[in-house]
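Hi everyone, and thanks for coming.

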Amino acid sequence: MSLILGTDTGGTFTDCVLINEKGEVYFDKDTTTPHELQVGVLNALANIAAVVGGEPREVLRQSAVFAHGTTVGLNSWFTRSGPKVGLLTTQGHEDAILIGRVHQKVAGLVEREITNAVALDKEDPIVPRPLIRGVAERIDAHGQVAVPLQEAQARRQIAQLLEAGVEAIAIAFLWSFLNPSHERRVKALVKEMAPHLFTSISSELAPVINDYERTVTTAINSYLGPTISAYMRHLDGKLRESGFSRTFVVMQSMGGTIPALEAENQAVSILNSGPIGGVLGSQFIGKLLGHQNIISTDVGGTSFDVGIIANGEMELNRTPVLAKYALSLPMVDIHSIGAGGGSIAWIEPHFSLLQVGPKSAGADPGPVCYGRGGTQPTVTDANLVLGRLNADFFHGGRLKLDAARAEEAIRRHVAKPLGWDVPTAAKGIIDIVDAHMADLIRKVTIEKGHDPRDFVLYAFGGMGPTHAGAYAREIGITNVLVSPYAPVFSAFGIAASDLVRFYARSEPMLAPGDPRRVNGIFRELERAAMADLRKDGIPKGEIDLQRSVDMKFRFQIHELRVPLPPGPYRARHLEEIASRFIDMYEQTYGKGTAFTKAGIEMSTFRVHGIGRMTKPVLKRQRRAGSKATVARKGWRAVLFSSDEGFVRTPIYDEELLRPGHRLKGPAIIEGKATTVVVHPWHTAQVDGYRNIMLEG
Amino acid sequence: MARKQTTVSRATKVAQQGAAQRGAAKSGAAKKGAPPRNGRLSGKSRMRLDPVTFEVLRHRVWSINDESALTLKRISGSPVASEVNDFNTSILTADGQAVIVGPYIVSHAVGQNIIVQNLIKDYGENPGIDEDDVFITNDPFIGALHQNDVTCAAPIFAEGKLLAWTCSTIHQIDVGGPVQGSQGSIGSESIFQEAPIMTPLKIIERGTLRKDVEREYLMRSRTQDLNALDLRAKIGAVNLTKRRLLELVARYGLDTIETCLQEIITYTATRLRERIRELPDGVWSHEVYLDYYDGISDKVYPCVCTMTKRRDKIIFDFTGTAKQAPAIINCAYSGLLSGLVVSMLVYLCYDIPWSPAGVMRCIEVISEPGTVFHATWPAGVSKATTSGSYSATTLTCACLAKMFAASPKYRKLLMAPWIASIPTQELFGTDSRGQPFGLTMLDPMAGGTGARSFKDGIDTGGFIRALSASIANVETYEFRAPILYLYRRQEPDTGGPGKFRGGVGVSMAYTVRGVDEIPTNVMHSMGYQHADACGIAGGYPATTNQFAVMRNSNVNELMSQGKLPQSFTELRGTLDLVPPMQRSYLKRGDVYRCITSGGGGYGDPLLREPELARRDVVHGLVSEEKARAVYGVILKPGHGEVDERATLRQRAAIKKQRAEVGRRP
């Protein structure tokens with residue numbers, strides 16, 4: 001009764017990972033079924049049951065946890081297939097989400113999109129203006145009631161929304177995080193008038209300052225809620241029908257899981273549920289191997305996703321952007337650019353400059369070498385032409401690649417116009433895409449004050465291990481880790497995750513602050529955390545409460561989150577906290593940038609309640625000798641540098657590599673679902689968990 | 001590039017000598033050292049770096065500048081920089097050409113270009129430009145746009161050689177002078193009554209922050225702590241760029257990086273010339289007006305631009321622009337040049353990397369010293385960025401839009417002018433906790449953008465001089481100042497009507513909360529007595545900007561009775577109409593209101609799809625009266641449908657009326 005199942009529905013594949021009571025990990029995939037995601041999930045489950053030689057029902061019956069990552073929320077958002085939502089705001093501020101702080105028209109865009117002014121626009125409204133209604137009420141900046149809630153007027157507004165046929169309602173009033181009474185009362189009115197209507201209020205969902213972002217978060221939550229609720233209920237029913245009886249949890253964008261049936265109340269918090277799994281997987285493996293600082297890099301067909309773990313903690317983005325809408329729920333900070341195996345190479349006509357991406361051939365038609373009708377050369381085609389991929393052993397031989405076609409496409413579209421030979425052109429394509437990836441990593445690390453050289457880079461996703469050697473070197477990282485679970489790393493991370501609940505309260509005050517007030521806030525937050533986690537069935541001994549507070553110099557907007565020890569605090573503890581903030585600040589922005597005379601503000605107090613779940617126990621295997629020749633399956637000509645041209649390179653079978661094996665680059669390691677490129681400057685070392693560490 | 005430098009410095013010299021003689025001093029002229037005229041440049045043959053290295057490094061240089069901007073934004077304590085994005089950073093070549101600029105306030109980069117060139121010219125020998133120096137200045141006559149734009153400029157040395165420069169600028173909320181906020185120095189007779197100028201000084205000398213200079217800088221301001229924090233933000237930004245560029249040098253070699261910086265400029269210039277060549281040759285002109293108020297009476301200053309496009313060059317001639325005002329609204333040459341470079345970047349470089357120096361190679365500027373666009377010492381320029389310089393942007397945008405309209409290829413890409421000035425307000429006082437506060441209220445940056453040839457402008461879309469601008473949250477302002485917003489909304493009928501209309505502007509009203517009085521309320525705006533965001537191709541202009549205060553109103557009584565007044569008509573009180581600039585106050589019970597302009601319209605409003613006009617009415621963007629009177633669209637009761645027949649009749653009637661007006665002598 002103690003199997004752990006992790007599943008992740010990606011764009012192309014639904015991945016499934018099974019961890020048995022011995023800590024052994026099995027994985028398989030099936031095709032994602034976009035219109036009925038649960039079908040793909042159950043198919044992947046059937047596949048994995050076959051891998052372990054059992055019946056799906058039996059596997060489910062024996063499972064303690066079914067952990068799930070899904071893009072159902074994102075899909076419903078991008079296809080705009082959600083319900084009709086009504087929004088209630090403070091009267092006079094109905095337009096806030098339409099004004100979008102002006103910045104909405106460029107939010108989340110990159111340089112070349114921002115400067116194309118004539119093409120700029122705001123996002124289509126989440127809620128059309130006629131369905132946004134102002135309520136006569138007002139709380140002021142001190143949390144005092146400035147205008148008492150006018151219930152009769154509020155009822156009229158709700159009645160009109162109901163008449164207009166809304167299927168969900170969002171309520172977001174000014175300063176509700178300081179005084180939620182009006183929002184709560186209006187929610188009660190909605191419940192009274194329409195008991196089954198899905199309703200979100202901002203003071204429950206995101207009780208923090210910043211009205212625009214809070215309103216957006218609430219509106220999107222109401223937009224996604226009904227869909228996510230239906231999906232989770234449906235999948236839950238299917239799982240239970242198929243023999244599952246234990247804990248069904250879903251991955252949150254902030255890391256950690258929550259009970260799936262609760263996700264409907266905080267639908268927006270599971271938006272980015274899939275990609276987070278990869279960062280969590282990195283964190284899990286990192287703990288095992290003692291890596292405190294990790295750059296997690298996921299290279300798929302179309303996108304390159306980067307997450308950061310610093311001092312063992314995942315970095316959070318406090319104001320993530322979803323399709324130009326800025327949210328006020330923190331999410332694990334994942335940065336993405338359009339660069340992957342399917343990225344298309346093209347020539348910029350004016351200067352004959354070689355460019356790669358952001359357009360992608362995707363899965364359909366895919367790279368030219370797939371032979372499915374693609375004509376534009378892609379990164380995968382370049383890898384094939386350079387000998388880095390094996391035409392007969394792509395995805396373990398499940399897909400035969402057409403090298404001649406790839407070569408022809410590169411010749412016609414890149415080599416000829418530039419007057420180069422094909423290998424030079426292919427190498428140029430790889431260099432540019434690697435440089436884009438390195439730039440993103442640089443931005444994600446250095447922008448936060450991290451030196452990438454202090455990090456180990458984890459490479460996963462189908463193409464990660466193929467490119468990581470080059471982009472890691474580009475930014476001076478010496479260690480690159482490829483897990484045996486790299487191809488299904490997100491599902492693995494989801495399976496390895498804890499249950500985590502987040503509690504926050506904004507109450508701006510000047511540091512060091514009054515200990516009684518601070519202790520009171522934390523007492524209240526922790527009491528709520530404890531109660532909820534106990535309700536989830538977590539034993540007291542498995543609950544961990546972590547405190548932090550957002551701090552900044554007075555006048556500043558941007559805050560740093562300072563982790564705090566458990567309380568209660570006395571005055572001198574609070575003073576220590578203030579000086580810890582100054583240290584953190586100077587670490588981030590450089591010595592001499594702190595301006596202590598301005599005074600320090602504490603704003604949002606936070607508690608993370610963690611319910612520790614059963615974990616996979618990966619077994620360390622005994623080391624064999626260091627000679628890897630037993631795993632060598634042949635030789636082929638591979639190009640690593642244009643100066644040296646093609647060199648005869650040993651090819652290794654990943655399945656045959658054993659702990660302790662060590663091989664010097666240049667080499668290629670071929671696995672069932674990915675290919676590791678070991679550059680001449682790297683040495684690959686296999687550890688006791690069969691991770692491949694590239695060093696150099 | 002010596003060309004640009006000499007002409008700029010000549011303009012400066014003229015300005016500083018106060019020799020305000022008329023007679024078109026050609027500044028930025030392309031007489032000598034003209035750009036290569038080879039029309040069919042194959043870029044490939046001229047590039048000295050291989051294409052892969054160039055692309056990698058160009059991307060890298062942009063990333064470095066962006067990272068520097070983000071560093072600045074995070075350290076800065078001012079909502080002006082951290083929430084509103086009124087700042088910028090740039091990287092320049094060793095001879096002071098702006099290679100790239102961030103997407104924040106674009107005009108800063110051109111000012112930085114001029115500052116660095118002046119430093120090189122004047123300071124090379126004495127006091128010298130040394131490794132790890134950082135200069136600070138806000139001198140409009142050597143390149144700052146106005147006194148509030150305090151700039152840090154740092155040389156970057158590699159292997160003992162000057163490799164590049166980097167600059168960072170933030171609009172400081174207050175840099176001293178007679179009026180809080182420093183911009184609206186109403187009543188000044190010259191720059192001597194405006195905020196003091198700090199000519200370039202070494203704030204950091206060979207790596208050490210000079211306390212004496214820092215004190216000298218800070219003591220003049222009413223917001224010293226904020227300015228001190230922002231100074232650290234700017235230093236943090238230039239240090240970061242320096243560190244990153246040196247890392248690049250270590251990796252790729254000094255020669256490669258120097259070459260790369262030059263080639264980024266060349267790349268932009270070459271592509272821009274190709275684009276200009278594709279546009280029709282011709283002459284286009286436009287006129288706008290600057291508002292002025294000296295405390296007693298108001299006056300209007302006309303500004304003129306005649307734009308000539310010939311082959312691969314555009315010549316902007318501002319001859320005929322009014323003589324300079326005593327103070328406030330003028331801009332120095334830096335303001336003029338930066339104002340028009342913004343237009344060039346936004347209109348012509350939509351798919352070309354933004355290298356200001358690259359743009360400057362493709363233009364020629366003719367301006368007369370002693371005019372509002374090319375002020376000479378001792379005329380004041382305290383408000384330049386939202387007056388003279390801004391109007392230079394609007395003028396040149398209008399000329400470029402007209403040129404686009406004459407090109408079958410580019411017509412679809414034209415935009416009518418965006419909101420043509422930001423009405424600005426400064427609030428200073430003491431909050432309910434007894435803490436002093438000083439704020440520049442920049443909600444009006446949410447004006448409307450200009451209509452496009454294929455669709456409407458963006459409602460509350462922002463202003464053209466900063467595509468990444470943002471406005472602060474209502475909660476941010478209420479937290480920082482003792483005010484309470486009654487509303488902040490999209491204001492109907494403010495967008496210029498047209499087949500496609502300009503985006504609507506914003507309006508807001510707030511009252512004093514928690515204190516008896518906010519003693520300082522400075523208001524200043526252009527586009528106040530006349531609409532500056534004109535229409536294009538038959539489109540109508542947008543509205544004007546407006547300030548008003550309802551004095552001693554019953555707002556607090558209404559609120560305690562459960563009413564949130566949403567317009568002045570719901571209030572009882574004394575209406576105080578504000579001139580274009582005023583130094584005033586707000587007391588308990590007063591309600592302040594500001595309405596901004598939208599963007600200009602495109603095409604005849606009678607050609608607008610009636611259904612679009614109906615949608616606008618339902619969405620509160622156009623009033624039913626205007627739909628009827630201007631668009632000729634009549635709606636059925638309930639606004640659910642257009643009354644087709646009544647609309648046809650109404651449109652015919654409007655046309656008839658127009659014909660009659662046309663026949664009048």
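Two words on the basis first. This is a predicted model, where local features need pLDDT of at least 70, side-chain atom pairs count only at pLDDT 80 or more, and totals for chains, interfaces and linings use all residues. Residues are numbered from 1 along each chain as its sequence is written, while chains are lettered from A and ligands numbered from 1 in the order in which they are written.

So, how many residues of chain A are in contact with chain B? There are 62 of them, and they meet 75 residues of chain B. Contact here says that the C-beta atoms of two residues, placed from the backbone, lie within 7 Å. Several elements of chain A give two or more residues to that side, including helix 4 (96–99), strand 8 (145–147), helix 9 (211–241) and helix 13 (422–446). By residue type, the side of chain A that touches chain B has 30 nonpolar, 15 polar and 17 charged residues. In that count, Ala, Val, Leu, Ile, Met, Phe, Trp, Tyr, Cys and Pro are nonpolar, Asp, Glu, Lys and Arg are charged, and the others, Gly among them, are polar.

Now to the domains of chain A. The assignment gives domain 1 (81–223) and domain 2 (499–611); such bounds come from an automatic or database domain assignment. Taken over C-alpha atoms, the centres of the two domains are 28 Å apart. Their contact takes 4 residues from domain 1 and 5 residues from domain 2 of chain A. On the domain 1 side, the residues are 4 nonpolar, with no polar and no charged ones.

Let's look at a sheet in chain A. Four strands form an open, parallel sheet in the order 6-5-9-10. Pairing here requires that DSSP finds at least two bridges between two strands. Which strands are at the edges? Strand 6 (132–135) and strand 10 (198–201) of chain A are, since each pairs on one side only. Ignoring direction, neighbouring strands of this sheet are turned by 20 degrees against each other on average. Strand 5 (85–90) and strand 9 (168–172) of chain A run parallel and are joined by 5 bridges, and A:T89 has A:A172 as its bridge partner in strand 9.

Two helices lie across these strands. Helix 9 of chain A lies across strands 5, 9 and 10, at about 165 degrees to strand 9. For these angles, axes are lines fitted to C-alpha atoms, for helices over the stretch in contact, and the angles run from 0 to 180 degrees between N-to-C directions.

Over to chain B and its strand 4 (134–137). B:V134 and B:I136 are buried on one side, and B:F135 and B:T137 are buried on the other. Buried calls for 20 or more other C-beta atoms within 10 Å of a residue's own, exposed for 12 or fewer, and partly exposed is in between, with C-beta atoms placed from the backbone. As background, side chains in a regular strand alternate between the two faces of the sheet. Strand 4 of chain B pairs antiparallel with strand 7 (201–205) over 3 bridges, and 3 bridges also join it to the antiparallel strand 5 (149–158) of chain B. B:F135 stands opposite B:K202 in strand 7 and has B:A153 as its bridge partner in strand 5.

Back in chain A, why is helix 14 (464–474) described as largely enclosed? Because 9 of its 11 residues are buried, among them A:H467 and A:Y471. After helix 14 comes A:G476, with a positive phi near 80 degrees.

Last stop: A:R658, in the loop between strand 30 (645–653) and strand 31 (662–664) of chain A. A:R658 counts as partly exposed because it has 18 C-beta neighbours inside 10 Å. Leaving out residues up to four places away in sequence, A:R658 touches A:A624 and A:V686.
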